[in-house]
2 protein chains.
Amino acid sequence: MTRSRVTVIDIARAAGVSKSTVSLVLQASPLVNEQTRAKVNAAIRELGYVYNRGAANLRQTASSKIVGIVVNDLTNSFFAELAVGMDMVMQSAGFVQFLANTGESLDRQREVIASMHEHGISGLIISPARGTEAADFKPLTAAGIPVVIVVRNIAGAKVSSLLSDNYAGAREATEHLLSLGHRRIAFLGGFSDTTVALERVHGYRDALVQAGIAADDALIVNSAPSRAGGVAAVERAMLLAEPPTAALCFNDAVAFGVCDGLRARGVEPGRDFGVVGFDGVIEAQAAVPALTTVSVDPQGMGRRAAQMLLKQINSGRVEAEAMVTSVRLAVRQSCGAAMKDMGRRNTA
Amino acid sequence: MTRSRVTVIDIARAAGVSKSTVSLVLQASPLVNEQTRAKVNAAIRELGYVYNRGAANLRQTASSKIVGIVVNDLTNSFFAELAVGMDMVMQSAGFVQFLANTGESLDRQREVIASMHEHGISGLIISPARGTEAADFKPLTAAGIPVVIVVRNIAGAKVSSLLSDNYAGAREATEHLLSLGHRRIAFLGGFSDTTVALERVHGYRDALVQAGIAADDALIVNSAPSRAGGVAAVERAMLLAEPPTAALCFNDAVAFGVCDGLRARGVEPGRDFGVVGFDGVIEAQAAVPALTTVSVDPQGMGRRAAQMLLKQINSGRVEAEAMVTSVRLAVRQSCGAAMKDMGRRNTA
């Protein structure tokens with residue numbers, strides 16, 4: 001694979017040690033003392049030797065230092081931040097990662113999983129495309145390769161998972177909008193066939209029922225989970241005979257689109273309409289109005305998923321572990337809470 | 001690397017062919033007829049055989065089907081879209097990619113290049129971190145591994161490059177703002193030590209000089225090339241004794257931040273202040289106001305970079321090629337052109 005001509009023998013000669021000592025250093029063996037290690041590493045740097053890890057992985061029959069990461073849509077900041085979190089942990093641990101973007105295509109997902117498998121990944125972290133089935137992970141699990149599912153759950157997959165508490169987050173966000181006096185609250189965006197959307201809609205509905213409000217299905221408007229999807233969803237919602245006065249959005253990308261769509265109609269988010277997102281992407285804080293959102297901490301989630309996978313790779317045992325991380329409502333301006341509070345104080 | 005127990009012999013037996021015929025099919029050899037190939041592939045699917053490409057790459061001493069991609073900041077939509085473009089072409093060509101995010105850290109960049117090299121990449125596409133030197137690519141080029149630099153040029157690197165025409169784009173954008181009647185035009189955001197920023201500032205300055213306007217250095221405000229950086233930059237610019245009435249922004253992320261910062265001061269972008277971005281990320285179209293921007297077409301750039309690299313990998317010859325792609329000013333609402341035109345029509 002590498003075309004470098006420097007060999008272990010050259011290194012050994014330059015460092016004045018045996019060939020097997022060089023090999024031990026390359027394998028990070030604890031049997032070599034610091035001084036010898038430094039001498040060998042200096043020779044490696046000087047001669048420009050490149051360790052052929054592909055060959056080493058085969059010789060040692062140990063697991064490779066490669067993992068696979070598969071996400072749905074890298075152009076959605078949530079997935080980009082998730083990938084950056086994973087990258088941080090993987091780089092620190094000396095791993096490199098294959099990364100693939102499926103764009104929700106099952107064919108593409110099948111192809112990249114097979115290709116990553118052929119290229120010897122030691123583990124996979126995947127946010128599964130819509131319609132993924134438990135059987136899709138079979139080739140990996142049968143080969144003893146650990147898999148961590150993130151974001152979206154797959155029933156019966158028998159692999160590890162790291163999910164957010166979508167139900168609780170959506171419920172808390174809806175209760176927050178109710179506490180601000182809203183009664184016509186929409187749920188905007190997202191595909192209705194993902195577990196994530198189902199869980200979030202469930203939390204939203206339960207909060208309404210708890211408050212004695214009859215759920216109105218017309219207020220649940222599906223769309224692509226993107227900024228453009230948000231624009232489209234709020235346009236449809238505002239055409240209702242009784243339009244909403246606030247919305248819980250499927251994710252932050254949709255929420256930004258909802259703010260765009262409202263402004264295009266001359267409705268100011270945070271003043272004339274309450275908007276709450278879901279994810280907590282970096283942009284949510286900087287946006288004007290700053291976005292009130294159910295914060296999942298995407299980078300933190302990426303880091304935790306990477307740690308979960310590394311733990312299994314390093315232990316050499318594949319033990320499925322399911323983790324649901326708690327979420328936190330970050331109240332900012334787009335929901336109108338600041339204005340409301342001011343109003344309350346004035347009338348008190 | 002793979003722990004699958006199915007061997008080539010099992011496949012050969014199931015398909016009723018010789019072991020070497022199976023090997024030829026696995027290597028996609030043209031020597032095997034279609035019917036035999038289909039029979040072997042059916043047996044492979046049925047038995048769940050996983051081709052160990054790591055071992056195959058070593059045996060064949062051919063180049064691997066792995067490339068490396070290194071970007072600066074995946075949370076900036078520009079780089080995410082660039083990576084998605086590369087991913088499309090690489091997947092279609094049967095390649096998998098290592099992807100790493102440097103966050104502008106040279107140490108990190110050095111580490112990931114070395115690690116990808118050890119893992120046998122056949123080529124690298126990189127948007128270099130600030131301060132990268134030509135020598136940083138030496139280990140790869142010395143080993144005959146093709147490198148394509150994208151976005152930011154590195155003097156003397158002797159590798160292929162795919163860049164945008166930053167000078168012409170910035171000049172055209174500034175001329176556009178001048179044509180709308182602006183005389184106090186700021187250049188907001190970006191680090192002054194990258195070739196990209198230098199080229200864009202150069203185009204901006206030349207347009208002003210051409211229009212007989214003395215360039216005012218106070219109107220050039222550096223900041224991180226992010227949304228938060230844009231907010232900070234416009235805040236500083238608006239504190240000037242003679243604040244600007246329009247701005248060319250270093251990139252779209254900065255431009256969105258500038259819109260946020262203006263709104264926070266009660267200044268409406270596109271109505272009270274002209275804003276032009278640079279990049280043409282997907283969000284630019286959906287945003288309100290829709291962002292006028294110098295479109296680089298990030299996904300298209302990613303696809304072209306991937307094609308450039310694949311051409312070199314497939315030809316087996318490393319021939320440095322330099323390409324500068326033209327850019328296009330997409331006039332939308334944030335620059336105020338629509339309003340201005342309306343004004344002109346009314347007074348005509």
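Is A:Phe79 buried or exposed? A:Phe79 counts as buried, at 6% relative accessibility, where buried means under 20% relative accessible area, exposed over 50% and partly exposed in between (1.4 Å probe, protein chains only). Before the close-ups, a word on what you're looking at: this is a predicted model, in which local features need pLDDT of at least 70 and side-chain atom pairs count only at pLDDT 80 or more, while totals for chains, interfaces and linings use all residues. Residues are numbered from 1 along each chain as its sequence is written, chains are lettered from A and ligands numbered from 1 in the order in which they are written, and side-chain values use heavy atoms, with hydrogens and water left out.

**View 1. Two phenylalanines, A:Phe78 and A:Phe79, pair up edge-to-face.** Rings of Phe, Tyr and Trp (its six-membered ring) pair if their centres lie within 6.5 Å; planes under 30 degrees apart count as stacked, over 60 as edge-to-face and the rest as tilted. That rule gives five aromatic pairs over all chains. Here the centres of A:Phe78 and A:Phe79 are 5.1 Å apart and the planes sit at 80°, so the pair is edge-to-face. A:Phe78 is buried too, with a relative accessible area of 6%.

**View 2. A:Phe98 and B:Phe98 form a stacked pair.** From centre to centre the two rings are 4.4 Å apart, with 0° between their planes. A:Phe98 belongs to strand S2 (residues 96–101) of chain A and B:Phe98 to strand S2 (residues 96–101) of chain B, so this pair joins two chains. Both A:Phe98 and B:Phe98 are buried. Strands (E, at least two residues) and helices (H or I, at least four) are DSSP runs, numbered from the N terminus.

**View 3. An arginine sits over a ring in chain A and in chain B.** The charged end of A:Arg130 is 3.6 Å from the centre of the A:Phe191 ring. Over in chain B, the charged end of B:Arg130 lies 3.6 Å from the centre of the B:Phe191 ring. To count as sitting over a ring, NZ of Lys or CZ of Arg must be within 6 Å of the ring centre and within 35 degrees of the ring normal.

**View 4. Six strands of chain B make an open sheet.** Follow the order S7-S6-S8-S9-S10-S12, with mixed pairing; two strands pair if DSSP finds at least two bridges between them. At the edges are strand S7 (220–221) and strand S12 (328–330) of chain B, each pairing on one side only. Strands S8 (residues 246–249) and S9 (residues 274–279) of chain B run parallel, joined by three bridges. Look for B:Leu248, which stands opposite B:Val276 in S9(B).
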